[in-house]
Structures are given as C-alpha cells and as structure tokens.
Amino acid sequence: MIPGAFAYHRPSSVKEAVGLLAELGDDGRALAGGHSLIPMMKLRLATPANLVDLGGIADLKGIRADGNDIIIGAMTTQHDLIGSPLLGEKIPILRETSEQIADPQVRYLGTLGGNVANGDPGNDMPAVMLCLNATYQIVGRAGERRIAAREFYQGAYFTALEAGDVLTAVRIPIPAAGHGYAYEKLKRKIGDYATAAAAVVLTISGGKIGTCSIGLTNVAETPLWAEEAAKILVGSAPDAATVKKAVAAAEAITAPATDARGPALYRTKMAGVMLARALARAKARARG
Amino acid sequence: MAKSHVSMKVNGKTIEALVEPRTLLIHFLRDEQNITGPHIGCETSHCGACTVDLDGKSVKSCTVFAIQANGSDIRTIEGMANADGTLHALQEGFREMHGLQCGFCTPGMIVRAYRLLQENNNPTEEEIRYGISGNLCRCTGYQNIVKAIQFAAAKLNGVAFQEAAE
C-alpha cells in the first residue's frame, strides 16, 4: 500500500505552517503524528497534494501549568502524556486515557492535537476534553482564537476548524484537588477503537457528589457531553436508583452506528455499562 | 514528484539518499537500503513486524514517511548484536527460551523489547505483555517471548534468570 504522491513541507514555526496551509487551501493537510492520516493515505481515502508536517515546530510540544490551567502543546504525544509527572498529579485521567489508546508504538507518535482535531468519533481524547471542559487554541489566518471543546465537534470529521487553521494547544482547567476520575473503555482488542467508552470526573463533598462531568466516546457522530446524566448525580450518594437514572439519561443521548463492534442498541447499552463502572471507580478514588 | 534529500543514521552508519515524499520508511529501508530485518506484515499499523527504534522511540516504520526520519538515528535488528559479533542479550534470550517459531515477528519483537528494557530494566510479566502489545505473534502464544525478555532483563542486570513455575 503506497500513498498517492504529495509535496512535503516542514515549517519550523506556527506562522509559517498557517501561511502554507492558508495558501494551499483544500490541497494541503497538516500532518501531526500521522497515525490516522497516513493509514488513510495508504488506502487512498485521503489524497492530499501537500502535507505540512508540524513535527519540526518546537513551540507545539510540551506541558506546562498556567495559573489554574494546564496547557498542552498540540504535538505532545500520548507517550509524553503518560510520562508527565505534572499531569500525573493534576489531571491523571489523561494518563489513564492515553494508556488505553492503541499500542506503545502508536503512542510514541500519536499526538494529543491530532487526536482531538481529527474529528474521528472513535478517538478517545475528545470525550475526555468535553468532560474536562478544555479549550482549544487555534491559529489561523485571522490570528489566534479559542474554541471550547464542547463547541468544537459538529459531525464525524467535521469540526470548527477552517482551512488554514492549526490547533496549537489544548488548555485544561485543573480539576479540584482530591477529585475522582476514570476512563472506562470497552474494546475488542488492543489497538481497537472503543465499542463504547465513558470519562468521568467528579468531586465528593460530605459523602455526596458535589460536581460531576461525563464524556462519552464513539457512540454518536461526535463525542458526547452527558450534561443531564451528570446533573442527576450531583447531590446524591449516589444510590443504585440514581445511578440507574443517570445511566438511562446518558444512554438516551447516544446514537451509535451498527458496525463490526456490534449492533447500535448493544453499543448504547455498553455506553451505560462503561458509565456505571467509571462512576464507581471515580467515586472510590475521590477524597472529600 | 521531485525527490528530496535525506540523511539518517541507521545502525550507526550514515545514509544519504534521495526519496520521494510518499516513500514509507519500511520501503526505504527494505527496498532501497537492503535492510530487510524489519518486516512488512499487515501494512496497516497493527502487527508491529516493521518496528524500528527511531530516536529512542519504537515506531512502526510502515506508518512513517522516510522523509520524516530525515536527521534521525535508527536501529533495526541488524544493529542489535554486540560489536564483537556476539548476540545481544535479547537475541540470546529468544534463542534460549524458544521465543520464536517461524521468526517473522522476531525482528520487530526484539527491537520493541530493546526499547522497553531501556525504559524499564526490570519489568514485571504484566508490564512486558503490555509493553509488547503492539507486536503480534501468530506462532508462540507469547509465553516464550515473555520468558525471552525476562531472560534478557536478568542477563543485562547481571542476575541469574529464574523461570517462573507454571
């Protein structure tokens, strides 16, 4: 399998990359870790005339704290996320999620920016970003702008990105100290996309759920933020009946496709099971 | 499409070549440099037979363009043996523990295990299994591959290899 011919560009700054992508328009594609795009190119499902490799832009890598936020450069790999002591302490759900993405070789190259910007509903990080209320920093022809992850996803492979845009960083508000978290993913085998997966971040106060946020992966054309399900849980212990009600609310917003991973109804139900498991684990981990 | 100049170090030797941008690293190594240790298994980023060590990372060379590897330092199975020609501890482990049958996955397995042991010199069985989860073997059932890596870890750490009771 050999991809179609293309011209290769390796800019050394974001400005140069944005200029190139703006000039190339539909003929240009940004290349991050390449582990979604290159397989598509080998199948000739993607045939960009130009690839703009972001791998040479030092500014796009790294993880740093900025006040109450953590900023992660778009070209930071999943391997980097797993190895980061700062994330391990402040936002450990990113490590837990990264460890469930693909396999070690893919994680050495696969990037956070590529994972969230591609718009593939099978990618794991978008739902986690909805759960964490992340913001994407984007540089385009008109300069820099920020878009909330919760506003970013429009359909399968359709996002708020426009031609010439480069997603440069992800900004995540640090969850409260002592929060509980979990990313539960059902997959058939290593390297598979989720049949269904759920991300949960919550805080416990006085034995009850104080705050709660839930994201769901691969059970609709976009990642889902299960706002209603989370609302049901806040203020509860939660007891079995409340969990059941929240699971039903989460299942109600899913619209998965029937595919090799199972019929649509099965995938909806598995989203519910993943949510119940993630809730139990997040609760057990929370301090407060 | 015009070719571009690339320069990279492969197994300690500098290679200069002209490549088409669309040339995958695995095809460059095998077809243009006659470095045929890395194998083409699935060509879909799943099987890991094409694994090479690139700047301290295990990568599937079927999913990297040769031009992206410009300036990099690569190691393949051809570069694993010690300078005096004796086998690397991993190679010895795979031989002693019967870590291979047909051998097709072995170059990728060993190169991956090399990086795993660089990052964690005394992995548990679970860590080994997780660490090689991007490499498929259709012969062994992995049991002896895990033992081979444990053998190598023990040897590199200068301790006697103790096979776990089954």
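Begin by selecting K57(B), which belongs to strand β4 (residues 57-60) of chain B; strands here are DSSP runs of E with at least two residues, helices are runs of H or I with at least four residues, and both are numbered from the N terminus. The coordinates are a predicted model, in which local features need pLDDT of at least 70 and side-chain atom pairs count only at pLDDT 80 or more, while totals for chains, interfaces and linings use all residues. Residues are numbered from 1 along each chain as its sequence is written, and chains are lettered from A and ligands numbered from 1 in the order in which they are written.

The classes rest on C-beta atoms placed from the backbone: 20 or more others within 10 Å make a residue buried, 12 or fewer make it exposed, and partly exposed lies in between.

Next, display chain A as a cartoon. Chain A contains 12 helices and 14 strands. Its radius of gyration is 19 Å, close to the 19 Å that the globule rule gives for 288 residues, so chain A is as compact as a globular protein of that length; the radius is taken over C-alpha atoms, and the rule is 2.2 Å times the number of residues to the power 0.38. The C-alpha trace of chain A spans about 60 × 45 × 35 Å along its principal axes. Of the 288 residues in chain A, 52% are buried.

Now select the open sheet of three strands in chain A, whose order is β1-β3-β2 with parallel pairing; strands pair if DSSP finds at least two bridges between them. β1 and β2 (28-31) of chain A are at the edges with a single partner strand each, so one side of each lacks a neighbour in the sheet. Between β1(A) and β3 (residues 50-53) of chain A there are three bridges. Within this pair, Y8(A) stands opposite L51(A) in β3(A).

Finally, show both chains. In chain A, 23 residues are in contact with 22 residues of chain B, contact being C-beta atoms, placed from the backbone, within 7 Å. On the side of chain A that touches chain B, β1 (7-9), α2 (37-42) and α6 (104-109) each supply at least two residues. The largest share of that side, five residues, comes from α6(A).

Notes. Contact = placed C-beta atoms within 7 Å.
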